[in-house]
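Q: Got a model open here and want a quick tour. Can we start with pockets and then move on to the packing?

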Amino acid sequence: MFDPKSMAPVLKTSATERAAQVPIRVVLAAVLSWSLHAAGHDGLILGWLAVSFLTQLTEFLAMAPFRKRQPAELAAWRFVGPALAAIILMSAVDAAIATFAWTSGQPAPVTVAVLIFAGGLLTNVGSGIESRPLFLLGAAPYFAALAAMPVLMLARTKPPAWRCWPSPSCCSSPRSTPS
């Protein structure tokens with residue numbers, strides 16, 4: 001499934017596609033920074049920009065050999081491994097910040113979170129079009145985050161709605177506790 005000989009040609013295509021997305025990712029980092037500001041999370045902006053930059057740089061460098069050399073020369077784990085790890089890292093970082101933005105409940109970050117999820121999954125469709133395993137590897141962090149989001153949203157509410165069943169009246173006030 002993740003044999004270096006079969007992955008190297010796919011990663012060559014993926015590396016070119018992902019390099020072309022760098023300007024879009026820079027704009028997305030700026031838009032997310034604006035949405036964090038709009039939601040009153042100014043203290044997170046520099047950290048987000050640093051993590052975003054370092055993640056993008058890691059992916060760019062890990063994929064660089066596939067943009068410069070022929071796949072036959074790169075059919076070894078020392079090239080394929082870092083490239084696959086960088087794809088997972090990029091997806092995991094983007095899925096994590098999108099999940100945080102979604103659970104903020106503020107309109108601007110929620111909107112940007114939707115863009116990150118849609119864009120991230122489309123990126124993995126585009127860069128993994130020749131390989132289902134590559135698509136699934138890059139999309140897995142987004143799927144995990146999407147599965148976790150309802151649970152995280154329930155955990156945010158005070159008290160959790162399930163604790164009030166069958167009498168929702170105990171949940172009418174955010175400070176009330178179930179009897």
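This is a predicted model: local features need pLDDT of at least 70, side-chain atom pairs count only at pLDDT 80 or more; totals for chains, interfaces and linings use all residues.

Q: How many residues line the largest pocket, and which lie nearest its centre?
A: The lining has 22 residues. Nearest the centre are Ile24, Arg25, Leu28, Asp94 and Thr123.

Q: What's the lining of the largest pocket like by class?
A: It splits into 11 nonpolar, 8 polar and 3 charged residues.

Q: Which helices each supply at least two residues of that lining?
A: Four do: H2 (22–38), H3 (45–68), H4 (77–103) and H5 (107–127).

Q: And which gives the most?
A: H5, with 7 residues.

Q: Which residues of H5 are buried?
A: Ala108, Pro109, Val110, Val112, Ala113, Ile116, Phe117, Gly120, Leu121, Thr123, Asn124 and Ser127. Thr123 is also one of the residues nearest the pocket centre.

Q: What do the buried residues of H5 pack against?
A: Helices H1 (4–20), H2, H4 and H6 (132–156).

Q: Switching to rings. How many aromatic pairs does the structure hold?
A: It holds 2. One is Phe117 with Tyr142, edge-to-face, at 6.2 Å centre to centre and 75° between the planes.

Q: Which parts does that pair tie together?
A: Phe117 sits in H5 and Tyr142 in H6, so the pair links parts 25 residues apart in sequence.

Q: Are Phe117 and Tyr142 buried or exposed?
A: Both are buried.

Q: What about the other pair?
A: That one is Phe135 with Phe143. It is edge-to-face too, with 6.3 Å between centres and 75° between planes.

Q: Zooming out, how many helices and strands does the protein have?
A: There are 6 helices and 0 strands. From the N terminus on, the order is α-α-α-α-α-α.

Q: What share of the protein is buried?
A: Buried residues make up 40% of the 179 residues.

Q: Last one. Of contacts between residues at least 6 apart in sequence, what share joins residues at least 24 apart?
A: The share is 64%.

Technical notes:
Residues are numbered from 1 along each chain as its sequence is written. Side-chain values use heavy atoms; hydrogens and water are left out. On a 1 Å grid over the protein atoms alone, a cavity is a set of points where a 1.4 Å probe fits but cannot get out, and a pocket is an open set with protein on both sides within 12 Å along at least five of seven lines; lining residues have an atom within 4 Å of a point. Ala, Val, Leu, Ile, Met, Phe, Trp, Tyr, Cys and Pro count as nonpolar, Asp, Glu, Lys and Arg as charged, and the others, Gly among them, as polar. Buried means under 20% relative accessible area, exposed over 50%, partly exposed in between (1.4 Å probe, protein chains only). Contact means heavy atoms within 4.5 Å. Rings of Phe, Tyr and Trp (its six-membered ring) pair if their centres lie within 6.5 Å; planes under 30 degrees apart count as stacked, over 60 as edge-to-face and the rest as tilted.
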